[in-house]
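Reader: I would like to learn how to read a few features of a protein model, one at a time. Could you take me through them slowly?

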Amino acid sequence: MSPASTDETSASTPRRLLVLAICCMSLLIVSLDNTALNVALPSLQRELHASVSGLQWTLDAYTLVIASLLMLSGSTADRVGRRRVFQTGLVLFTGGSLLCALAPGLGWLVAFRALQAIGGSMLNPVAMSIITNTFIEPRERARAIGVWGGVVGVSMAAGPLLGGVLVASVGWRSIFWLNIPIGLAALLLTALFVPESRAPHPRKLDPGGQLLVMAALGSLTFAIIEGRNSGWTSPLILGCFGASACATAALPAYERRRSEPLVEFRFFRSLPFSGATLTAVTSFAALAGFLFLSTLYLQNTRGLSAFQAGLHLLPMAAMTAVFAPLSGHLVAIRGARLPLLLAGLFMTASGLLFALLDAERNDVLLFTAYVLFGIGFGLVNAPITNAAVSGMPRSRSGVAASIASTSRQVGSALGVAVIGAAVAAGSHTTAWWIFTGCGAVVLLLALATTGPRARATADRVASCLPAAPADSSPTSPG
């Protein structure tokens, strides 16, 4: 262990709590920015004369860049220093927020959102690494990660309401102005109180794998969003679908030849890991699609203000905030299976209220559907990470968790792209059926990938993976 790491682990309790608070500040601005911006979409649409596809790019420019760079940022931080990369991320995210607030048009806003995302990719995964290296004792680390998860719940609950207040009183640009003082404060506090640390055995960089991931995600999302405008059979759209398919096919063949690949495809032989990855994609696609559909409907169709729309979304966000920590407790005592089954049931039930019973036209059904989805989404997040690292050697659990985190961002990007494409085509009901299908997939994956036979596949994969000499014990299966 490096001297910097020794200083970090021996830090006093008040200092460690301060490090936790600084890391949570970064999570808060990133999470609030995403959830609050959804409420601002109709206002942004009117001021910048944006189409539905323009709104999709405002969200997906961020999530695509995040998804593409998360694993690169994590490995870079392990190599050059976690505090240094974290500070760089704060500078880029805060500077990107300033530029977003000043954006003169939609194209500029999309470009500046991508810059924001480069910084964002260096914040949350690196902050989690700082936390796990600061809190060494297992119980303290579990409590620290619980606080971290609680901040996600708070941001989910506060984001729509805060976004509504800001948009109604000051305008959509204020969402980005809010990030600046918080980002600057976090930057100063990081320089003063967060010690530097590096991994004793950092993973090698994989630029080829990185480019293939970006090509696969970027071309697929572009084709889905722009397919209706350019024509689904146009050479451009067909070429993008083809490029995505080629990059996706080439990625595993390329990565298998590397000793330390960006994406470890051997992990996917583990059913719990594969299930967690697909669950992350589908559940976060459902969340992104839900927010996109709901905010446009509440403001454009019902004529509500941004503040009123935020209030309408509060039951969903509040249920997420309540059930997220309960899910963590369930995972600790019962494993990942029960919360994932319940999550799939609640999310599917919510979707059926929209798709079959047209819940948007009845306030009682609408709020019931919002509450059901909030419970389901609150239950799904903790077991994703648990199932992803179940049975893995601890030396590989960070890589497994980073793939799960990337899958969340991929799901968000695809959810906005696919469900937004249905909205742009005028098929609102189809969009809700896609949302319902996401919940059903979560339920089916819970049944298929969390039982004893599935855990046995995780054990077999773990036995085939070389573990770091100093850290060879496997994580507990969930």
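Reader: Before we come to any angles, where in the chain is the place of H49?

Author: This is a predicted model, and in it H49 sits in the loop between α2 (13-48) and α3 (52-80).

Reader: Is H49 buried or exposed?

Author: One reads this from the relative accessible area, and a residue counts as exposed when that value is over 50%. H49 has a relative accessible area of 71%, so it is exposed.

Reader: Which loop holds D358, and what is its phi?

Author: D358 is found in the loop between α13 (337-355) and α14 (363-389), and although D358 is not a glycine, its phi is positive, at about 55°. With a relative accessible area of 33%, D358 is partly exposed.

Reader: Turning to helix packing, at what angle do α9 and α10 pack?

Author: The angle is taken between the N-to-C directions of the two helices. Helix α9 (residues 207-230) packs with helix α10 (residues 235-255) at about 155°, and their axes are 8 Å apart. Angles over 145 degrees count as roughly antiparallel, which makes α9 roughly antiparallel to α10. The crossing of these helices, α9 and α10, is left-handed, and by class their contact has 17 nonpolar, seven polar and two charged residues.

Reader: My last topic is a side chain: with which residue does the side chain of S97 make a polar contact?

Author: To read such a contact, one looks for a pair of N or O atoms within 3.5 Å. The side chain of S97, a residue of helix α4 (residues 82-102), makes a polar contact with the side chain of Q116 at 2.9 Å.

Reader: What else is S97 in contact with, leaving aside its neighbours within four places in sequence?

Author: With those neighbours left aside, S97 is in contact with F176, N179 and I180 as well as with Q116. The relative accessible area of S97 is 0%, so this residue is buried.

Conventions. Residues numbered from 1 in each chain as written. Predicted model: local features only at pLDDT ≥ 70, side-chain atom pairs only at ≥ 80, totals over all residues. Heavy atoms only, no water. Axes fitted to C-alpha atoms, helices over the stretch in contact; angles between N-to-C directions. Helix = DSSP H or I, 4+ residues; strand = E, 2+ residues; numbered from the N terminus. Parallel < 35°, antiparallel > 145°, perpendicular 65-115°, else oblique. Left-handed = near helix turned anticlockwise from the far one by under 90°. Nonpolar A, V, L, I, M, F, W, Y, C, P; charged D, E, K, R; others polar. Buried < 20%, exposed > 50% of the residue type's maximum accessible area, 1.4 Å probe, protein only. Polar contact = N/O pair within 3.5 Å; in protein donor to acceptor, adjacent residues only side chain to side chain. Contact = heavy atoms within 4.5 Å.
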